[in-house]
Amino acid sequence: MNYNNVTYEVSFGTAKQLPVSDLPEIVFSGRSNVGKSSLINKLFNRKNLARVSSVPGKTTTINFFRCENVRFADLPGYGYAKRSGEEIRRWSNLMEGYFQSERNIKLVVQLVDMRHPPTADDRTMIEFLKSADVPFVVALTKSDKLKKTERQKREQLIPEELPGLETIAFSSENGEGVDALKARIEKALSAE
Ligand SMILES: Nc1nc2c(ncn2[C@@H]2O[C@H](COP(=O)(O)OP(=O)(O)OP(=O)(O)O)[C@@H](O)[C@H]2O)c(=O)[nH]1
Ligand SMILES: [Mg+2]
C-alpha cells in the first residue's frame, strides 16, 4: 500500500449513521490525548490529516480515511474526565454501534501511553478487544518523552502490565515504530 494515496473520507457522530462496510478496516483506539490522531498523521506523513490538539477530547466523531482499498478509522478517545454524562453516553453508543455493525475489521491498533501503566479504561478496552476476538496490537505512544533509564524501567514493567500482548513502541515526534507498525498492518491485511 502506498501511504501517500490517503484521503479523508467521512465522519460520524452517531452509530445509526454508520453505513455497513466490507472494506478491510484498520482502527485506532485509545484514551483521549494518547496520540491517536498524531499517530495517523505520522503514518501517512501528513501534518493535518487528522486533527491534533493538546486539549483532550478533540476527536468526538469516528473519522474515516481511505487509502486504496483500505479504510482507517480514528476513534474518539475515552477516559476524558471532563466529559458530561450525556457525552459519555453518546461515546458509548457510538463505540457499541461501531463494533457491532457489519464490518471487516482487520486490526485494532490500541494506543497506550508508554510512560504510564495502562489506565482502568485501557484495561477495559483491551478486555473488550480480547472478548470480541478482534486482532489487535498495542502501540506504546510518546516513547520520545522517556529518558533512557526511565525507558528501561518501563520496558521491564510493560510485559507484566500487558501480559502476552504484542507491543510496538511508537513516537509521532521522531518516527520510532512507524515501519514496525506499517509491517504489522500489512500482515493484518494479508491475513485470511
Ligand atoms: N512528544 C510527543 N507528543 C505527542 C506524541 N503523540 C501525540 N503527542 C501530543 O499529545 C497531544 C494529543 O495528541 P492527539 O494526537 O491529538 O491525541 P488523540 O489521542 O487523538 O486525542 P483525542 O482526539 O482527544 O482522543 C498533542 O499535544 C500531541 O502533540 C508523541 O509521540 N510524542
Ligand atoms: Mg484525536
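Predicted model: local features only at pLDDT ≥ 70, side-chain atom pairs only at ≥ 80, totals over all residues.
The protein chain contains five helices and seven strands. Along the sequence these elements come in the order β-β-α-β-β-α-β-α-β-α-β-α. The radius of gyration is 16 Å, close to the 16 Å that the globule rule gives for 192 residues, so the chain is as compact as a globular protein of that length. Its C-alpha atoms fill a box of roughly 45 × 40 × 30 Å along the principal axes.

Next come the contacts within the chain. If one takes the contacts between residues at least 6 apart in sequence, 77% of them join residues at least 24 apart.

Which residues lie inside? Of the 192 residues in the protein chain, 32% are buried. In soluble globular proteins, nonpolar side chains tend to be buried together. In this model the largest nonpolar core has 36 residues, and the members that touch the most others are Val-27, Phe-28, Val-109 and Ala-139. Strand E5, residues 104-113, gives the most to this core, with six residues. Leaving aside residues up to four places away in sequence, Val-109 touches Ile-26, Val-27, Phe-28, Val-137, Ala-139 and Leu-181.

Helix H4 gives another picture. This helix covers residues 148-161, and its 14 residues reach 20 Å from the first C-alpha to the last, close to the 20 Å expected at 1.5 Å a residue. H4 is hardly covered, as the count of buried residues among its 14 residues is zero.

How values were computed:
Residues numbered from 1 in each chain as written. Chains lettered and ligands numbered in written order. Helix = DSSP H or I, 4+ residues; strand = E, 2+ residues; numbered from the N terminus. Rg over C-alpha atoms; globule rule 2.2 N^0.38 Å. Buried ≥ 20, exposed ≤ 12 C-beta atoms within 10 Å, placed from the backbone. Contact = placed C-beta atoms within 7 Å. Expected span 1.5 Å × (residues − 1). Core = buried A, V, L, I, M, F, W, Y, C linked by C-beta atoms within 7 Å.
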